[in-house]
Amino acid sequence: MLHLALPRAMTADPPFLIEPRLHDLGDGFAVRRLLPSRLCRRVGPFVFLDHIGPVDLAPGRGLDVRPHPHIGLATVTYLYEGALTHHDSLGCRQVIRPGDVNWMTAGRGIVHSERTPETERAAGHRMHGIQTWVALPQAHEEAEPEFRHYSTDTLPEFECEGVRLRVIAGHAFGMTSPVHVYAPTLYVDVEFAPGGTQVLPPEHEERAIYVVAGAVRVDGEPVPAERMLVLSSGRDVEISAASAARVLLCGGAALDGERFLWWNFVSSGKQRIERAKADWLAQRFGQVPGETQFIPLPEH
Ligand code: MN
């Protein structure tokens, strides 16, 4: 997907709802894209958010995202169901499973592929998850690339009166995730049992609620499944669920300036993106060991 930079982070005053756009990853594998959207380019450091599935994959079918480059961002993968193998140009290979976090800091440049593991592919399986991109602060845009995996049992969790909170990254509700972040971040998986209610305090400057499954009310207003509600700052927000629901809270401190997004590249400088394009065309990004395929640079 190609994105042109828009002059402002948001084109409307929150609160407002973002409708998902369907985006084909290839081979008929569609994802719902919430960020960036026409109304909102980012929430805190989150500049991109894809909701993958839930989709039932027949035996023999799987996801195959061939090697492709990134700069200036971190990709953050979190699954509800299924599995995905990450393999990158640093030589890291890691299977991610539900509840784990894969955090890949692209920094000055990395190449990775994401594919369904052989066992799941052979057996057929259900795939459901979220992939987001977090823009790096300007001081870290050229950081050394790094891949880190955090298993599900390392994430802080709290359950009370029909609400289960898991801090995927950053800090919230008095808990801090072990995931290494570069700026104040809000990223929480919330599961509601029927009748569950949770207040989100105004701890983070920019905030949004994405309804993964079920439906919730936010300060009494209904928010259906697969919609993102971008919240206003500076006050408590009450989220309630009459029936079972699962939501993501995302956001954090506002980014330190504008970001340009083009294909898989994020940068505060347009020239840096031009350099990344030239580097990928000339295959100067490095290679994923043992993989010969790659996604070519889109027409530009
Ligand atoms: Mn990627």
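The following dialogue explains how to read several features of this predicted model.

Q: On what conventions do the values for this model rest?
A: The model is predicted, so local features need pLDDT of at least 70, side-chain atom pairs count only at pLDDT 80 or more, and totals for chains, interfaces and linings use all residues. Residues are numbered from 1 along each chain as its sequence is written, and side-chain values use heavy atoms, with hydrogens and water left out.

Q: How is a metal site read, and which residues coordinate the manganese ion?
A: Donors are N, O and S atoms within 2.8 Å of the metal (3.2 Å for Na, K and Ca); water is not among the atoms, so sites may look incomplete. Here the manganese ion is coordinated by the NE2 atoms of His68, His70 and His112, at 2.1 to 2.2 Å. Along the chain these donors follow the spacing H-x1-H-x41-H.

Q: Are His68 and His70 buried or exposed?
A: Buried means under 20% relative accessible area, exposed over 50%, and partly exposed in between (1.4 Å probe, protein chains only). Both His68 and His70 are buried.

Q: How is a sheet read, and what is the strand order of the one that contains β5?
A: Helices (H or I, at least four residues) and strands (E, at least two) are DSSP runs, numbered from the N terminus. Two strands pair if DSSP finds at least two bridges between them. In this model, four strands in the order β5-β10-β7-β8 form an open sheet with antiparallel pairing. Because β5 (64-70) and β8 (93-96) stand at the edges with a single partner strand each, one side of each has no neighbour in the sheet. From one strand to the next the twist averages 20 degrees; axes are lines fitted to C-alpha atoms, for helices over the stretch in contact, and angles run from 0 to 180 degrees between N-to-C directions.

Q: Which strands does β10 pair with?
A: Strand β10 (residues 110-115) is joined to β5 by five antiparallel bridges. Asp64 stands opposite Arg115, and Pro69 has Val111 as its bridge partner. Strand β7 (residues 84-88) pairs with β10 over four bridges, also in the antiparallel sense, and there His87 is partnered by Ser113.

Q: Which way do the side chains of β10 point?
A: In a regular strand the side chains alternate between the two faces of the sheet. Ile110, His112 and Glu114 point one way from β10, while Val111, Ser113 and Arg115 point the other way. Six of the six residues of β10 are buried, so the strand is largely enclosed by the rest of the structure.

Q: What is the strand order in the sheet that contains β17?
A: This open sheet has four strands in the order β17-β22-β19-β20, with antiparallel pairing. Its edges are β17 (197-200) and β20 (221-223), each with a single partner strand, so one side of each is left without a neighbour in the sheet. The twist averages 30 degrees from one strand to the next. Two antiparallel bridges join β19 (residues 216-218) to β22 (residues 237-240), and Val218 stands opposite Ile239 in β22.

Q: How is a nonpolar core read, and which members of the largest one touch the most others?
A: A nonpolar core is a set of buried Ala, Val, Leu, Ile, Met, Phe, Trp, Tyr and Cys residues joined through side-chain atoms within 4.5 Å. The largest has 31 residues, of which Tyr187, Met228 and Val230 touch the most other members. Strand β6 (residues 73-81) gives the most to this core, with four residues. Apart from it lies another core, of 23 residues, including Val188, Leu200, Val223 and Leu249.

Q: Where is Glu141, and what does its side chain meet in a polar contact?
A: A polar contact is a pair of N or O atoms within 3.5 Å; within protein, one must be able to donate a hydrogen and the other to accept it, and residues adjacent in sequence count only if both atoms are side-chain atoms. Glu141 is in the loop between β11 (125-135) and β12 (146-150). Its side chain makes a polar contact of 2.6 Å with that of Ser268. Glu141 counts as buried because its relative accessibility is 7%.

Q: Which backbone angles deserve attention, and where are the cis peptide bonds?
A: Most residues other than glycine have a negative phi, and most peptide bonds are trans. A cis bond joins Pro14 and Pro15, with omega about 5 degrees, and Pro15 lies in the segment before β1 (16-18). The bond from Leu35 to Pro36 is also cis, with omega near -5 degrees. Trp263 has a positive phi, near 55 degrees, and is located in the loop between β24 (260-262) and β25 (265-267).
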